[in-house]
Amino acid sequence: MSKGPTTDPTKLGVGRSIAVLTSGGDAQGMNAAVRATVRVGLYTGAKVFFVHEGYQGLVDGGDNIRPATWESVSMMLQLGGTKIGSARCMDFMVREGRLKSARNLVKRGITNLCVIGGDGSLTGANLFRSEWKELLLELVKDGQITDAEAKASSHLNIVGMVGSIDNDFCGTDMTIGTDSALHRIMEVVDCITTTAQSHQRAFIMEVMGRHCGYLALVTALACGADWVFIPEMPPEDGWEDHMCRRMMDTRSRGSRLNIIIVAEGAMNRQGKPITSDEIKNLVTKRLGFDTRATVLGHVQRGGTPSAFDRILGSRMGLEAVMALLEATPETPACVVSLSGNQAVRLPLMECVQVTKDVTKAMAEGRFEDAVKLRGKSFENNWITYKSLAHVHRPNIKSNINIGIVHAGAPCAGMNAAVRSAVRMGILQGHNMFAIHDGFEGLALEQIEPITWNDVGGWSGKGGCYLGTKRLLPGKLMEQISLSIAKHNIHALIIIGGFEAYSGGLELVRGRELYEELCIPMVVVPATVSNNVPGSDFSIGADTALNAITTTCDRIKQSAAGTKRRVFIIETMGGHCGYLATMAGLSGGADAAYIYEDKFTIADLEANVQHLCEKMKTTVKRGLILRNESCNANYSTDFIFNLYSEEGKGIFDCRKNVLGHMQQGGCPTPFDRNFATKMGSKAVLWLTDKMKECYRHGRIFANTPNSACVLGMRKRGLLLQPLADLEKDTDFEHRLPKSQWWLKLRPVMKILAHYNVALDTEHHAIEHIIGKKI
């Protein structure tokens, strides 16, 4: 249902007031959500108030409830925790406290409340809303507010955003803070891995998650842990023998370390806690290994938020403001959630109920149900971890040979995809082959078997150990077909960027001339540019985005120190503006120039003028991002010179070309996890496809659906034939013709204080019950 084309988003909030508070445990990314709520609220013409110290500030009132300005949320995007404070509040849990809170809101004309916190905080907000009319009647009766004030504040709108590092709230794929917590955990795991290898030690690592094992599970999947303990799925009785046997097997294959991940809420089937010290003592006593236990504790809550959490918080903040301003007295309290790459609104209490259902299922010993209730993503993580954790290879071989090749530029996460594919292939009984140096290596027969042990420890390593080249197979087709025949390759996994996609298409076309190419093929997108058709995300893009974001943070600190300085930063991406746009959101840029969003000299001049006005405020710095191929004439040097000349006497300029640092570094938790699931899925799909294509004693695959791109679309992994994706491809500029992230550009511009148009189409509240949560 649309509000109509005449709706002006900058007038939606005129005459209305919004308050924002953070409650419960802090989480990285809360500040991004607060910043977006304030700035989008002001953009709509509403008054916005901070409520300091959570519900306690709401109860106490006074100076705890203060007007927010555009400048008051500057430089908080990169800060961890919550700048407006949070507190566990007992006063709000009793009616008297809620009565005081109602009075404090009514006196300021606030009838819209945005709450950022966990399920307890959001449940409290819903109770407050349900009591609102009664509270107002009582306040009028006691003479604390007038009839006119009560009438003006007759209804309270509530919208929640979930801030919790545990990712323990059902209805959203990710809660604010979870990705950042995983960053902290993986940093520690990587550090511990090096010392553990040096001394041949076993490490037991306890991570947060009292009632939810998400952090432990994803950590175990991303680092290839020997064992993981999560509350949703306690180990079977006799787990002690099984775990020790697995650790011994790992060592017998040449590994110099063991890693065990424990969620703080881990328990056995009888509900008795399993502690890291208990596991340490068991390993030391049974195996005699030099064992250490490390409890990560509150380090997981600290530090700067990841790029993902900043973007998530920013998107949630915008959606929350729109939900508040579009709400009617009949609209139920809603929570803004993430579904795939979509921001959606769900009824708050439905989500709370399903979250409680998980706890109930665990208490009743229905552990399979608990895993399913956590959602499809959690369940897939668990299935993938269980599959790859097996160390006993099948006795029966399939006699199938699968080759793995890279194509295009290197990126972080490629090694994790190879590791996962190799191990899943071996578990299926296949022989796995590494093809070095791309399609050229395939033509030159740079092919060798790759084993389980060969890929040990690869998931956390950057770059690509198999080597990669940009050369396409077109001119090497005959040599490639001979090489495939000679090494008896039955299926091919191509991991890479646009070259992998284009190369896959060339191999498919080559099937008409070369029968050896009639084998199943799957392209796994892996590129910092995120420009492969058929997938919303590519392996490596998240790592590159975080590298750019970190650099932007440091540059902004420098600019804040010197004042009146504007930085022009060039990012990678070819013609794809994904990195520039998303880094603009996560880094708080004033503008991001990209090929897909055409701009003129008039736009550049308007941006310069905007910065000149900004320098009159207390925020005397600027950050401009430019995609490397956004415009052949408006180069980084041109834009730098233009800004320098037009800003003369008002600000000075500096420029940075980030270059290949965007392709390097260790993969982020997202890229490790994503690559692991993609590699595993690719092998399982090929296994099924080879059975389907087996006829007359051999594999023959020449149908369009036997050569696919494996991509992430919205909420799940999807396989799409390469041939079907051609019509959605701009081959000249190496781009998909439709890209989901372009709709986020107005968000970036609004947060940079531009009065741009915003889609004000009303989003109906969806329902969680019956959904694949």
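A: Contact here means heavy atoms within 4.5 Å. Helices (H or I, at least four residues) and strands (E, at least two) are DSSP runs, numbered from the N terminus. This is a predicted model: local features need pLDDT of at least 70, side-chain atom pairs count only at pLDDT 80 or more, and totals for chains, interfaces and linings use all residues. Residues are numbered from 1 along each chain as its sequence is written, and side-chain values use heavy atoms, leaving out hydrogens and water.

The part to examine is helix α8, residues 239–252. Take its length to begin with. The expected span of a helix is 1.5 Å times one less than its number of residues. For the 14 residues of α8 that gives 20 Å, and the end C-alpha atoms are 20 Å apart, so the two agree.

Next, burial. Buried means under 20% relative accessible area, exposed over 50%, and partly exposed in between (1.4 Å probe, protein chains only). W239, M243, C244, R246, M247, T250 and R251 of α8 are buried. Viewed down the axis of α8, these buried residues fall within an arc of 160°, so they line one face of the helix. The arc is taken over the directions from the helix axis to the C-beta atoms.

What covers that face? The cover over the buried residues of α8 includes strands β6 (202–207), β7 (227–229) and β8 (258–263). Helices α9 (276–287) and α13 (376–389) are also among the covering elements. Just after α8, G254 takes a positive phi of about 105°.

Q200 sits in the loop between α6 (178–199) and β6. Q200 is not a glycine, yet has a positive phi of about 50°. Its relative accessibility is 39%, so Q200 counts as partly exposed. N488 is a further non-glycine with positive phi, about 55°. N488 lies in the loop between α16 (477–486) and β15 (491–496), and is partly exposed at 42%.

Now the charged pairs. A salt bridge is a side-chain nitrogen of Lys or Arg within 4 Å of a carboxyl oxygen of Asp or Glu. The whole structure holds 38 of them. R626 pairs with E570, their closest N and O atoms 3.6 Å apart. This pair links distant parts of the chain: R626 is in strand β19 (residues 621–627), E570 in strand β17 (residues 565–571), 56 residues apart. Both R626 and E570 are buried.

D369 and R366 form a salt bridge at 3.0 Å, N to O. D369 is partly exposed at 34%, and R366 is partly exposed at 32%. K648 bridges to E645 at 3.3 Å. K648 counts as exposed at 57%, while E645 is partly exposed at 47%. Salt bridges with shared partners also join R95, R98, E131, E134 and E138 into one network.

Finally, the surface. M90, M93 and V94 make a nonpolar patch of about 340 Å². Patches are made of residues with over 30% relative accessible area and no salt bridge; like charges are joined within 9 Å, nonpolar side chains (Val, Leu, Ile, Met, Phe, Trp, Tyr) within 5 Å. Accessible areas come from the Shrake-Rupley method with a 1.4 Å probe; for residues, only the protein chains shown count as cover. M90 is in the loop between β3 (65–67) and α3 (95–107), and is exposed at 60%.
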